[in-house]
Amino acid sequence: MNTAIAISRPRSVLSFAAANRMHALFALILLAFATAGCGKILDPGPPLNQVLLSARMPAKVQGPTLPLQLVVSQPTSANDLSGDRIAALMNGYEVRYLDSAKWANAVPDMVQRLLVDSLEATGGIAGVGTDDSGLDPQVRLSCDIKRFYLRYQEPGKAPVAEISLRLRLIDLRSGKALGNTAIDTAQQSAGESPQELVAAFSIAASKALAQNSDWVLATLAKAPQ
């Protein structure tokens with residue numbers, strides 16, 4: 001009796017390869033549909049416009065210049081204010097960001113530069129700069145940014161630009177604090193366009209810088225030289 005030997009044919013191999021090709025094609029089709037359906041999510045959209053925050057500098061003071069060198073530390077802040085996005089507070093607790101514009105620099109960098117420029121503008125201190133400016137400082141100004149956002153209070157009404165800073169002067173020679181102060185300013189925006197919102201921030205910042213300069217100069221004038 002002859003034993004019949006079954007010879008396997010390449011059909012199963014061909015079927016497996018064909019199935020792989022079909023699976024790959026099906027995956028590509030699904031990807032195409034997913035991309036088409038989620039285009040708005042995957043597309044980051046146009047880049048945000050960068051805006052500069054300008055502020056009115058304090059007037060030059062009358063009288064002698066204090067023979068001191070002062071450095072302004074890098075300000076600290078909560079995470080939601082540490083970047084370059086323009087923050088908006090909704091409902092008193094929900095933080096969102098403008099989708100039409102962002103600051104040209106991170107908020108702490110911007111505040112530090114404004115503090116340096118405003119103190120320099122007064123002419124009341126011999127030297128003002130940052131830690132990398134090459135000064136030999138006797139005094140340090142530290143800053144904690146508590147608020148730097150737009151507060152939306154009523155539906156349909158333009159927001160208020162709010163700035164809140166906590167500042168401390170430290171005598172680097174003795175390590176003692178010379179004083180602390182809290183500065184809180186606000187300005188109602190005239191509208192909701194990026195230009196109007198930034199203009200409100202500019203006015204609020206000008207008020208804060210003027211208050212800080214007055215406080216720093218008055219505190220240093222009373223401190224031992």
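1. Ground rules. Residues are numbered from 1 along each chain as its sequence is written. As this is a predicted model, local features need pLDDT of at least 70 and side-chain atom pairs count only at pLDDT 80 or more, while totals for chains, interfaces and linings use all residues, and side-chain values use heavy atoms, with hydrogens and water left out.

2. S164. This serine sits in strand β8, residues 160–171 (strands are DSSP E runs of at least two residues, helices H or I runs of at least four, numbered from the N terminus). S164 counts as buried because its relative accessibility is 0% (buried is under 20% relative accessible area, exposed over 50%, partly exposed in between, with a 1.4 Å probe and protein chains only).

3. Its polar partners. The S164 side chain makes a polar contact of 2.4 Å with that of D184 and one of 3.0 Å with that of R166 (N or O atoms within 3.5 Å, one able to donate a hydrogen and the other to accept it; residues adjacent in sequence count only if both atoms are side-chain atoms).

4. The core. The largest nonpolar core has 51 residues, and L70, W103 and F148 have the most contacts inside it (buried Ala, Val, Leu, Ile, Met, Phe, Trp, Tyr and Cys joined through side-chain atoms within 4.5 Å). Helix α4 gives the largest share, twelve residues.

5. Strand β2. Five of the seven β2 residues are buried. β2 runs parallel to β6, with four bridges, and parallel to β7, with three (pairing takes at least two DSSP bridges). Q69 stands opposite G127 in β6, and V72 has L141 in β7 as its bridge partner.
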